[in-house]
Amino acid sequence: MKIRRYGAAVAVAAAGALLFSACSSSDKPESTTTGSESAAVKTGGTVTVAEVNAFFSFNSLTANGNTDINSKVSLATQSGFNYIDDKLQVQKDTSFGTYEVVKQDPLTVKYTLSDKAQWSDGTPVSADDLLLTWAVESGYYNDGTTDAEGKVTKGTNYFDYAGSTLGLNDTKFPTVSDDKKSITIEYTKPFADWETAYSITGMPPAHVIWKHAGLADEDAFIKLLQDQAKGDPAKPGKVNATLKKVADFYNTGFDSKTLPSDPSLYLSDGPYVVSAIDQGKSLTLVPNTKYQGDHKAKLDSIVIRTIADPQAQIQALQNGEVDVIAPQANADTLAALDQVPGVQIHKGNQLSYDHVDLNFSGVFKDKNVREAFLKTIPRQAILDAIITPLDSNAKVLDSQLFVPANEGYADSVANNGSSNYADVDVEGAKKLLNGATPTVRVLYNSDNPNRVDAFTLISQSASKAGFKIKNEGDVNWGSRLGDGSYDASIFGWISPGVGVSGVPQIFGTGQSSNFNGYSNKSADAAMSKLIQTTDKAEQTSLQQEIDKDIFGDAYGLPLFQSIGVDAESARVAGIDSFNPNQNGVWWNVWDWSVKS
């Protein structure tokens, strides 16, 4: 699974693994209700949801498509072997398929599809879908070498995947059963996150991809993958033109801001299927009549409306125009929600944090310049402007890998070097700059009030030390990550709340969500150990080592852990608690219904 990036007025997400665990007892989410008692639920009806961002891709697993809204549509329209519930526990969906460890040493896992699993065009989910998932998420065929800006300078990287390929990359080519209903994956090294890292949820249908690539049938696709050797960046081979066609269509063929004229480009193997898109304004989901699994849709339709402004979301909820909202939490938002009668409000600490990242190229190639800039970041002032009005006990976040509820947080903070940036030190920054006045281009989401506040405060403070700040605020900030058009970025990561693979996804050399060209051999070695151990104490210790390396390299700075809020009208049933991870209220969309 993947960490998701977020930067809009609410979690935008990148899908990732495991930076954060569940809230502690002191961080229990709050739930309040105003209005009448619940009525009985019924099947049918429509629920309208307000979301901040507009849908633009039916493939949420690429670096480009891996945002909150695309991923939420995937949750409603796609199935998988398991999912994460609101208690951050892995739940199996045996109506889609089963998996079992058939051998411990070496770790060998067999995945078997249910006869019920099929796409909305009637095509069964089969081995080609399972192999495609493995090929994408393992990075098995990639032999490309990338520069600090993520551009391939030698070799070929075929499939674009937003998550980390570590772990699955240490597997042999899977064994395919004769009936093409199962595959068996054998690992050459232990892998802590084996249960969640191989995730077929969100994967586009393989039969659509190989047809567009000109292959004759499923057998030809499987043979293509079987015959292609594992990629070796040290010895890149000649590009396989057919595999490149397959990968290129996977990478971009499902991107669309409108409903494609070709229905094969928006197939579903989950409870709902997309039926309409009003570009930039709304998307409509209806029940998938071909779905035979346990998570059958209870509603006639779900309408997702794009409403960026949190106050506009609240007004729409009050007017009965929408039924579910998750606006960016701030003092004004919560005060306004308290005035809306008959709604259920959930509030809690999200498994997400805001941060400032510095590129390891350009103006920030010099560590002294990086350290100088970090010394000017007014983290307490940013906290006071954004979070303190919501939680008077909130503190600046001093770790890149832990939140305060985690057992390892305090020890990590005591040793990771974050104390060097406890206070703004303009004079210290000037000394490091030694008379230089570097220009720094800062990227952030210009539509997000929190990001605007953070940028403004950073700009004012950094200017005092001699930095010349160039405003790169952009509503399309996500598509620019890693493209070299900026020097510093302000955004956030949000986690699914299980596993540890999200650490190398972001901080590992050359990994998919490493947008700033960070590389540290000591941290890489610790990350390799991290994903191989299931011992929780050792995982904590290794993450503390990595946290220290990150601060020591002047990577950037964490700002604060985010607070989340959602609210539902009294007519909606099935949303009963606050979910702190990246899926929010959508984690059990199949349970949503309306009250009679």
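Guide: Lys-180 is partly exposed, at a relative accessible area of 21%, where partly exposed lies between buried (under 20% relative accessible area) and exposed (over 50%), computed with a 1.4 Å probe on protein chains only. The model is a predicted one, in which local features need pLDDT of at least 70 and side-chain atom pairs count only at pLDDT 80 or more, while totals for chains, interfaces and linings use all residues. Residues are numbered from 1 along each chain as its sequence is written, and side-chain values use heavy atoms, with hydrogens and water left out.

The side chain of Lys-180 meets that of Asp-219 in a salt bridge of 3.1 Å, N to O; the term denotes a side-chain nitrogen of Lys or Arg within 4 Å of a carboxyl oxygen of Asp or Glu. This pair links distant parts of the chain, 39 residues apart: Lys-180 sits in the loop between β11 and β12, and Asp-219 in helix α5 (residues 218-227). Helices (H or I, at least four residues) and strands (E, at least two) are DSSP runs numbered from the N terminus. Asp-219 is likewise partly exposed, with a relative accessible area of 46%.

Lys-181 forms a salt bridge with Asp-115 at 3.9 Å, N to O. These two residues are 66 apart in the chain, Asp-115 being in the loop between β8 and α2 and Lys-181 in the loop between β11 and β12. Lys-181 counts as buried because its relative accessibility is 16%, whereas Asp-115, at 70%, counts as exposed.

Two strands are taken to pair if DSSP finds at least two bridges between them; β11 and β12 (residues 182-186) run antiparallel and are joined by two bridges. Thr-175 has Thr-184 of β12 as its bridge partner.
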